[in-house]
Amino acid sequence: MAATSSGGAARDDWRVMLTQERIDSATAAGHWPDRTAGDYLDAGLDSHPDKVFLTGYRTETGTRQTFSYRDIDRISRRIGAGLAAHGIGKGDVVAFQLPNWWEFAALHLACVRIGAISNPLMPIFRARELEFMLSFAEPRALVIPRVFRGFEYEPMIDGLRGRLPDLAHVFVLGGEGENGFESTLIERRWEDEVDTRALFDERRVDPNEVIEICYTSGTTGQPKGVMHTSNTLAACVGIGPARLGLGSDTVVLMASPLAHQTGYLYGLLLPIRLGARTVLQDVWDPTTAARIIHDEQVTFTMGATPFLADLAHADALERYPTESLEVFITAGAPVPRVLVQTATQRLGTNVVAGWGMTENGLVTCTLAGDPPEKVFGSDGGSWDGMEVRVVDAARKPAPPGVSGDLQARGAANFVGYLKRPEAFATDDDGWFDTGDIASMDESGYIRITSRAKDIIIRGGENVPVVEVEELLYRHDAVSDASIVAMPDPRMGERGCLFVTLRPGGSLDFASMQRYLEEKQLAKQYWPERLEIIDEMPRTPSGKIQKFKLREIASGLEPDEARA
């Protein structure tokens, strides 16, 4: 697919993959509404300015904060004016490594107002991941918490600043002095100093310009920056709600990180588009979630299989009935049959299984009312505006029930990987190679059977296996290292590390953990079982036969099960 400019904001080296033909087609079909998140917020202001838009629960302080549509608009406009006053221009990247706090929502809307590009980063990332991500996206500003879950972020970023020449500003939530987020961007009345109407009119972003860069884990040791526009994001959240019965009276609970595409799309953008309400939970705890659902009368939530499993088995359901919860979408790992039955009975909700990617949001899902075997036996069918197909080695559609490469096309597909046009993997007809292996039944429902990419999906999060393996290869005691998926009833998969040792070398589980901690690898990427073997099973050409290791791992349990 040929590349075109996305309206001028993105730099030439970003190589946005968007043709005029695609723009015209998606717009004519009604899937691209040519509206930004700011436009949807404006519509909410016109019709229900005092309706509650966001309720945030902050675990460490035990506080609950509520913001109306009017509140979040006022604050986001002030932040936007403040960012512009600090030199953040149209098309500049603003990175933020924030938990599910209300400031995340306000900051993204501020970026939309001034034409800046949001680059959400997971709070669990540490120096190793951040150095690459920040160097690659070249943000002009970064927003971080001072402390979250006992970790101090400012010293980590201070240690990286010398290698990030483009990073002009670091704003710290809870910080002091010139870099304090609150004192610099919220408490100062920028609207009294800046003509915000003129500023936002001048900076208005074209709906086909890149507005978000979200990293997804790859297999080369380098995560890819997925680029989305306002139109592709609108398609992600606009082509499914009616089928699920969602509307302006929907109350969303989002415990999945907003810095992950699931949280960002369905905990932030979906409520804005619907004119609905969102409730944010910053630290996952099933008892807290049950209480929030009960107290806030939550009707919809979405999360990976572990969220559903934890909530369905929570003792707190006896104290906090969840009868208001109408739909729970789970994606990222297969849903066990017994879990569907338990969740349906104990939560009183419709469990919906789905499949999607950072590149295109939720592409397929089952429907409320589908029989249980469809929910635990498939990943559903595609939305209106999106298509999926399974193809064989000749790129021809595979017969029903036969596994092949899964492809997707449609309005929600992204517009390229940042600075990596060669990885786009989209043909001239718009079919994107997802890297997943699937089969399709007669009704058009797909089932992910395996993954062509060398990753492990742990609780809906992709673990970049090659990156972790390469790090372990550097250990003095390790000769060979190979990580494969180990089935897990709660997380879907966990990582099992197989190693062969150098002569005289030794390695145990605890020392492996200490080594990875020293190397500043994010904890969710750590293997959860270690197996020492004499030699790796290999092909005649010398490649490790991972399928044989998976067979061994299928009967193992974690040495340590992290939540």
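Of the contacts in the protein with a separation of 6 or more, 69% join residues 24 or more positions apart, a contact meaning heavy atoms within 4.5 Å. The structure is a predicted model, in which local features need pLDDT of at least 70 and side-chain atom pairs count only at pLDDT 80 or more, while totals for chains, interfaces and linings use all residues. Residues are numbered from 1 along each chain as its sequence is written, and side-chain values use heavy atoms, with hydrogens and water left out.

Along the principal axes, the C-alpha trace spans about 70 × 55 × 55 Å. Buried residues (under 20% relative accessible area, with a 1.4 Å probe and protein chains only) make up 60% of the 563 residues.

Next comes a sheet. Strands β24, β25 and β26 form an open sheet in that order, with mixed pairing; two strands pair if DSSP finds at least two bridges between them. At the edges lie β24 (478-488) and β26 (529-532), each of which pairs on one side only. From one strand to the next, the twist averages 25°. Strand β25 (residues 492-501) pairs with β24 in the antiparallel sense over 10 bridges, and D488 has G492 in β25 as its bridge partner.

Two helices accompany this sheet. Helix α16 (residues 465-473) packs on the sheet and touches β24 and β25, its direction making about 145° with that of β24. Helix α18 (residues 546-553) lies across β24 and β25 and runs at about 55° to β24. Axes here are lines fitted to C-alpha atoms, for helices over the stretch in contact, and angles run from 0 to 180 degrees between N-to-C directions.

Elsewhere in the numbering, the axes of helix α9 (residues 230-238) and helix α11 (residues 261-274) come within 9 Å and cross at roughly 85°. Helix α9 is therefore roughly perpendicular to α11, a term for angles of 65 to 115 degrees. The contact involves L233, A234, C236, V237 and G238 of α9, together with Q261, Y264, L265, Y266, L269, L270 and R273 of α11.

Definitions and conventions
Helix = DSSP H or I, 4+ residues; strand = E, 2+ residues; numbered from the N terminus. Buried < 20%, exposed > 50% of the residue type's maximum accessible area, 1.4 Å probe, protein only. Parallel < 35°, antiparallel > 145°, perpendicular 65-115°, else oblique.
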